[in-house]
Amino acid sequence: MTQAIANLELANPKALTDQEFMSLPENGNLYEYVDGELIVVANSGVEHGYLALTLGYFLTGFVRNHKLGVTCDSSTAFKMKTGNKRSPDLAFIARERLQGLKRLPKGFFDGAPDLAVEIISPNNTFEEIHNKLVEYFENGTRLVWVILPDEECVLVYHKPKPSKLLQLEDNLDGEDVIPNFSLPLLEIFQELSF
């Protein structure tokens, strides 16, 4: 942790403004701001990054081609009603929520994304992920995919309790959040072949 961040936390972490959060050093760390505490999100490793980019490739292409909204990566913070700033591994915001904008906001997006994707890392705890999901749904999220790399499966949520488990033979379905989006899980969990 840098001295500037340490000083900020010691001063009064509850008083961290949006501008202070946006001004945190670009030192390779990602941050979330939860319940008055600045959290450094740990690096997740090659597999995590690969899964995020692979799913992001398919999701972004589909969303752009069908003009359904925008997708964002894990460096995007969403501002919750509580003031918490959450950053899913991938996010989708429906075009209806962007009406009237010519450009996306440079700061935070108010509210949670319509679709949040979390990829489980070895350092994630069940409590941490559950708390994120609760807050996402309280702030407007309609669909969450939790990807479990070790098990090669995805948990689908419509509320903070899983609705279904998808395995390798199944497809990710955008449902009514990203209509007609369907992707075989095999596309995400493909073994390297070069």
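## Helix α4

Six residues are buried in helix α4: Ile-129, Lys-132, Leu-133, Glu-135, Tyr-136 and Phe-137. Here buried means under 20% relative accessible area, exposed means over 50%, and partly exposed is in between, with a 1.4 Å probe and protein chains only. Helices (H or I, at least four residues) and strands (E, at least two) are DSSP runs numbered from the N terminus. This is a predicted model, in which local features need pLDDT of at least 70 and side-chain atom pairs count only at pLDDT 80 or more, while totals for chains, interfaces and linings use all residues. Residues are numbered from 1 along each chain as its sequence is written, and side-chain values use heavy atoms, with hydrogens and water left out.

The expected span is 1.5 Å times one less than the number of residues in the helix. Gly-140 follows α4 and has a positive phi, near 110°.

Glu-128 also has its place in α4. With 30% relative accessibility, Glu-128 counts as partly exposed. Its side chain makes a polar contact with the side chain of Asn-124 at 3.2 Å. A polar contact is a pair of N or O atoms within 3.5 Å; within protein, one must be able to donate a hydrogen and the other to accept it, and residues adjacent in sequence count only if both atoms are side-chain atoms.

## The whole chain

Stepping back, the protein chain has five helices and 13 strands. It has 194 residues, of which 41% count as buried. Its accessible surface comes to about 11200 Å², and 53% of that belongs to carbon and sulfur atoms. Such areas come from the Shrake-Rupley method with a 1.4 Å probe; for residues, only the protein chains shown count as cover.

Contact means heavy atoms within 4.5 Å. Among contacts between residues at least 6 apart in sequence, 52% join residues at least 24 apart.

## Two nonpolar cores

A nonpolar core is a set of buried Ala, Val, Leu, Ile, Met, Phe, Trp, Tyr and Cys residues joined through side-chain atoms within 4.5 Å. The largest one has 27 residues, and Leu-55, Leu-115, Trp-145, Leu-172 and Ile-178 have the most contacts inside it. At least two residues of this core come from each of α3 (46-65), β6 (90-94), β8 (115-119), β9 (143-148), β10 (153-157) and α5 (185-188). Helix α3 gives the most, with six residues. Another core lies apart from this one; its 19 residues include Val-70, Ala-112, Ile-129 and Tyr-136.

Beyond its neighbours within four places in sequence, Leu-115 is in contact with Leu-59, Leu-90, Ala-91, Phe-92, Leu-143, Val-144, Trp-145, Val-177 and Ile-178.

## Helix α3 and His-48

Helix α3 has 20 residues and reaches 28 Å from its first C-alpha to its last, close to the 28 Å expected at 1.5 Å a residue. Its buried residues are His-48, Leu-51, Ala-52, Thr-54, Leu-55, Gly-56, Leu-59, Phe-62 and Val-63. Just after α3, Lys-67 takes a positive phi of about 50°.

Is His-48 buried or exposed? At 11% relative accessibility, His-48 counts as buried. The side chains of His-48 and Asp-89 make a polar contact (3.4 Å). Leaving aside neighbours within four places in sequence, His-48 is in contact with Asp-89, Ile-119, Ile-120 and Ser-121.

## Salt bridges

A salt bridge is a side-chain nitrogen of Lys or Arg within 4 Å of a carboxyl oxygen of Asp or Glu. The structure holds six of them. In one, Glu-135 pairs with Arg-86, the closest N and O atoms being 2.8 Å apart. Glu-135 lies in helix α4 and Arg-86 in strand β5 (residues 85-86), so the pair ties together parts that are 49 residues apart in sequence. Both residues are buried.

Asp-114 is in the loop between β7 (109-110) and β8, and Arg-142 is in the loop between α4 and β9, 28 residues apart. Asp-114 is buried, with a relative accessible area of 4%, whereas Arg-142 counts as partly exposed at 35%. Arg-97, Asp-114 and Arg-142 are linked in a network of salt bridges.
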